[in-house]
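Please look through the notes below with the model open beside you. They go from the whole chain down to single elements.

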Amino acid sequence: MHHTVGSADMKLATTVGDIVVTHALGSCVGVAIYDPVAHVGGILHFVLPHSSVDPGNAAKNVWMFADTAIPKFLEAACEEGAVKARLIVKVAGGAHLLDAKGFFAIGRRNQLAARKILWQDGIMIAAEDVGGMVSRSLFLEIGDGKVWVQSEGKEVPL
Amino acid sequence: MISLAVLSESVDKLDPMPISLPKLAEALSDTGSNLQDMVRIVEYDAALTANTLRWANSAAYAPRHPIMTVRDAMMRLGAGRVLQLAVGGRVKTLLESPCPGYDLGEKELWNHSVTAALGADLLSGFATQPIPPVAFTAALLHDIGKLIISRHINGEMHRQIVDVVERENLPFFEAERVVLGVSHAEIGGVVAKRWSFPDILVDCIRLHHDPDDESHVSPALDAVHVSNVVAKTLGVGMGSEQMNMVACANSARRLGLTPEKFEALCASVMTGLPMIEELFDGAKSRLRAPVP
């Protein structure tokens with residue numbers, strides 16, 4: 001079964017063989033997590049780094065901002081039986097426009113926010129495919145924990 | 001290169017806009033016009049009158065008492081929103097069609113356009129400069145040139161554009177100019193002109209990738225440029241252009257935005273999308289896709 005994750009959303013799966021996918025990762029970042037023992041995994045697709053720019057919208061949808069979404073996402077995975085210390089975390093997205101002054105550099109700020117928040121939770125990112133000016137799709141297969149990225153018609157394992 | 005005559009022929013095959021819409025756009029961009037002038041334009045178009053009343057009474061606007069007059073409806077919706085919904089209703093079917101020349105599938109160009117249009121709508125809550133209401137409609141139509149060019153790009157031209165982007169390190173729309181002799185923004189301007197929209201709206205579409213153009217710098221053009229950046233940032237309607245466009249910080253600064261305000265704008269657009277999509281669904285009418 002395929003589970004498609006929209007923007008500012010997350011999905012977890014626990015059935016071996018299921019695939020979790022998110023599309024249209026521009027500046028947004030997709031975080032794929034997988035516990036290879038409990039076979040619990042999922043993808044979070046967050047849009048912006050910090051909820052402080054809009055606490056009202058953060059209250060309506062915690063999945064929109066890295067700082068509200070990532071801790072909740074990890075918590076939800078643990079409720080499904082994952083163990084934080086076993087989680088393999090891979091990240092994709094965070095692309096940017098041609099913006100010499102860095103004014104609109106949300107992609108870069110999203111990458112940094114993901115790294116920092118995961119690090120604060122004691123989690124290191126195992127692999128990432130970030131930056132550039134391309135849109136990506138991120139896939140996770142429950143069972144073998146395979147993660148891959150599709151972009152510009154090419155598929156690359158992560 | 002694509003023949004301009006062939007592109008013009010495609011533009012000419014588009015159904016015309018009802019005359020009330022460019023007139024309303026003209027009134028909106030004329031500081032001498034008042035609400036009564038715009039009410040009169042709407043009242044002379046029976047279909048637009050009916051739609052305006054329907055939108056004002058829709059669940060999205062939830063009036064306490066039924067709105068019975070065009071004047072009350074326009075005060076409720078804002079004349080800019082009336083124009084945007086009316087034009088959106090006319091072009092929805094057209095923009096929902098796939099754009100294979102730009103790797104945009106069904107509805108992708110429409111979704112991108114609506115996201116940008118909502119960005120322009122919501123900008124006034126974040127900018128320190130007033131946003132001219134005509135910018136809402138220009139943002140909705142900013143990429144309409146892609147629809148025309150898409151029908152004339154073959155695989156070889158597409159490959160050449162990508163090659164030029166990579167070899168010469170150019171933004172996508174400039175590579176279009178090198179390979180095709182014209183960009184989607186310029187052809188979009190031709191479409192807006194063909195529909196008799198006022199010059200300010202035509203310029204917003206024609207120059208949406210070039211907002212620092214000295215003789216055309218304006219809050220409306222800045223609003224359309226920034227709205228396009230919002231849609232790209234949110235990953236809506238990337239196509240073969242992907243994120244390969246210049247995002248002009250000067251545009252954002254002229255409007256009084258900061259990076260934090262820009263992020264907050266993106267959050268509001270993300271949250272508001274379902275509502276605006278519902279409104280446009282209710283505004284839909286038919287406009288034929290041009291025959292290549």
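Which radius of gyration would a compact globule of 158 residues have, and what does chain A have?

1. **Overall size.** A compact globule of 158 residues would have a radius of gyration near 15 Å, and chain A agrees with 15 Å. That radius is taken over C-alpha atoms, and the globule rule is 2.2 Å times the number of residues to the power 0.38. Along the principal axes, the C-alpha atoms of chain A fill a box of roughly 45 × 35 × 25 Å.

2. **Ground rules.** This is a predicted model: local features need pLDDT of at least 70, side-chain atom pairs count only at pLDDT 80 or more, and totals for chains, interfaces and linings use all residues. Residues are numbered from 1 along each chain as its sequence is written, while chains are lettered from A and ligands numbered from 1 in the order in which they are written.

3. **Inventory.** Chain A has three helices and 10 strands. Both are DSSP runs numbered from the N terminus: helices are H or I with at least four residues, strands are E with at least two. The order from the N terminus is β-β-β-β-β-α-α-β-α-β-β-β-β.

4. Of the 158 residues in chain A, 51% are buried. Buried means 20 or more other C-beta atoms within 10 Å of the residue's own; exposed means 12 or fewer; partly exposed lies in between; C-beta atoms are placed from the backbone. Two residues are in contact if their C-beta atoms, placed from the backbone, lie within 7 Å. Among contacts in chain A with a separation of 6 or more, 63% join residues 24 or more positions apart.

5. **The five-stranded sheet.** Five strands of chain A form an open sheet, ordered 2-5-4-6-7, with mixed pairing. Strand 2 (9-13) and strand 7 (125-130) of chain A are the edges; each has a single partner strand, so one side of each lacks a neighbour in the sheet. Neighbouring strands of this sheet are turned by 10 degrees against each other on average, direction ignored. Two strands pair if DSSP finds at least two bridges between them. Strand 6 (residues 88-93) and strand 7 of chain A run parallel, joined by five bridges. Gly93(A) has Val130(A) in strand 7 as its bridge partner.

6. **Helices on the strands.** Helix 2 (residues 66-79) of chain A lies across strand 2, strand 4 (29-35) and strand 5 (40-46), at about 165 degrees to strand 5. Helix 3 (residues 106-120) of chain A packs on the sheet and touches strand 4, strand 6 and strand 7; its direction makes about 30 degrees with that of strand 4. Axes are lines fitted to C-alpha atoms, for helices over the stretch in contact; angles run from 0 to 180 degrees between N-to-C directions.

7. **Strand 3.** Five of the seven residues of strand 3 (residues 19-25) of chain A are buried, so the rest of the structure largely encloses this strand. Strand 3 pairs with strand 1 (residues 2-5) of chain A in the parallel sense, over four bridges. There, Val5(A) has Thr22(A) as its bridge partner. Strand 3 also runs antiparallel to strand 8 (residues 136-141) of chain A, joined by five bridges. Val20(A) stands opposite Leu140(A).

8. **Meeting chain B.** In chain A, 26 residues contact 26 residues of chain B. On the chain A side, strand 3 and helix 1 (55-60) are the elements that give two or more residues.
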